[in-house]
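Please read the sequence and the model side by side, and keep both in view while the text moves from the whole chain to single residues.

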Amino acid sequence: MTEPAHQQPAAAVASTAPAADRTAELTEMLGYLAACWDEERRLLARQLHDSLGSSMTALTMHLALLSQHIPAESQAMRDRAAQMKGLLANIIETNRKMQLELWNDKLEFLGLKAALAELVPGFAAAHGFKARTSLPDEDESYTRTQGVVLLRCVEEGLRNVAAHARATEVDVILDDDGEQVMLTVRDNGRGLPDPARVLESTSCHGLRLLRERARFLGGTLELAAGENGGAVLRMTLPKQAPAG
């Protein structure tokens with residue numbers, strides 16, 4: 001029997017409710033998993049610093065002491081000691097970079113402003129483009145989760161600029177009006193033909209995860225074409241995370 005026409009809209013509305021609930025559940029789950037992932041990265045970075053880092057530093061000191069007792073005429077031993085010192089220095093630097101990739105300690109101990117002030121120019125110098133930062137005079141207080149998500153947004157934006165944009169200049173702007181924080185990554189690259197589709201693309205996992213993390217915190221992530229070319233990635237978060 002065909003359902004009466006006047007009942008169909010109500011049924012249609014009812015059918016969208018489970019879908020909306022499911023979307024909310026998935027967003028919450030992604031937010032929880034991402035927070036767990038960040039905590040695992042933080043702990044691993046700390047272990048690398050406390051264990052491997054301190055051990056490599058101690059080995060360097062021991063090698064320096066041993067080198068002082070190598071006879072002057074034993075050039076081969078001196079050369080070998082110099083090689084070992086160089087290898088240890090490379091391991092220490094690699095360990096430092098791995099720690100930074102996993103977790104930015106400046107974010108935790110000095111705040112978001114200090115973390116961005118280090119990250120942006122360093123990344124730009126390594127990838128051959130000019131970068132400018134516009135940051136608040138005062139480092140506002142954010143929850144750890146908010147700070148991490150904002151930092152991840154900058155990292156993702158810079159990686160995309162380096163990989164796809166062919167840009168020569170990038171601006172990273174952090175605005176805070178007391179009620180919400182807005183983070184913008186803007187470049188002068190070749191731009192995007194359809195920015196909205198990029199956020200829906202199944203191949204852009206980094207951006208899609210960022211969008212869900214922003215939603216989990218009650219905010220938004222937008223990708224748009226710049227007024228004068230290039231692309232603009234913008235994340236907006238309320239200063240207080242939603243309850244629950």
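This is a predicted model: local features need pLDDT of at least 70, side-chain atom pairs count only at pLDDT 80 or more; totals for chains, interfaces and linings use all residues.

Residues are numbered from 1 along each chain as its sequence is written, and side-chain values use heavy atoms, with hydrogens and water left out.

## Overall form

The protein holds seven helices and five strands, where helices (H or I, at least four residues) and strands (E, at least two) are DSSP runs numbered from the N terminus. Read from the N terminus, the elements follow the order α-α-α-α-β-α-β-β-α-α-β-β. The protein is more spread out than a compact globule, because its radius of gyration is 25 Å, well over the 18 Å that the globule rule gives for 244 residues; this radius is taken over C-alpha atoms, and the rule is 2.2 Å times the number of residues to the power 0.38. Along the principal axes, the C-alpha atoms fill a box of roughly 100 × 40 × 40 Å.

Of the 244 residues, 34% are buried, a word that here means under 20% relative accessible area, with exposed meaning over 50% and partly exposed in between (1.4 Å probe, protein chains only). The protein exposes about 15,000 Å², and carbon and sulfur atoms supply 57% of that area, as computed by the Shrake-Rupley method with a 1.4 Å probe. Among contacts (heavy atoms within 4.5 Å) between residues at least 6 apart in sequence, 67% join residues at least 24 apart. There are 26 positive and 33 negative side chains, and the centres of the two sets lie 7 Å apart; Lys and Arg count as positive and Asp and Glu as negative, with His and the chain ends not counted, and the place of each charge is taken as NZ of Lys, CZ of Arg, CG of Asp or CD of Glu.

## The paired strands

| Strands | Sense | Bridges |
|---|---|---|
| E2 (residues 169-176) and E3 (residues 180-187) | antiparallel | seven bridges |
| E3 and E5 | antiparallel | seven bridges |
| E4 (residues 220-225) and E5 | antiparallel | six bridges |

E2 and E3 form a hairpin with three residues between them, and Gly-178 in its turn has a positive phi of about 95°. Within this pair, Asp-175 has Met-182 in E3 as its bridge partner. A hairpin is also formed by E4 and E5, with five residues between them and with Gly-229 in the turn at a positive phi of about 100°. Leu-233 in E5 is the bridge partner of Leu-223, and Val-185 stands opposite Leu-233 as well.

Thr-236 is placed in strand E5 (residues 231-238), and it counts as buried because its relative accessibility is 10%. Leaving aside neighbours within four places in sequence, Thr-236 is in contact with Gln-180, Val-181, Met-182, Gly-219 and Thr-220.

## Residues elsewhere in the chain

Thr-27 belongs to helix H1 (residues 8-67) and counts as buried at 11% relative accessibility. Apart from residues up to four places away in sequence, Thr-27 touches Glu-212, Arg-215 and Phe-216.

Thr-133, in strand E1 (residues 130-134), counts as partly exposed at 38% relative accessibility. With residues up to four places away in sequence not counted, Thr-133 touches Val-120 and Val-172. From C-alpha to C-alpha, Thr-133 and Ala-72 are 52 Å apart in space, and they are 61 residues apart in sequence.

Ala-117 in helix H4 (residues 112-127) is likewise partly exposed, at 42% relative accessibility.

Arg-166 lies in the loop between helix H5 (144-165) and E2, and at 70% relative accessibility it counts as exposed. Most residues other than glycine have a negative phi, whereas phi of Arg-166 is positive, near 55°.

Methods: Two strands pair if DSSP finds at least two bridges between them.
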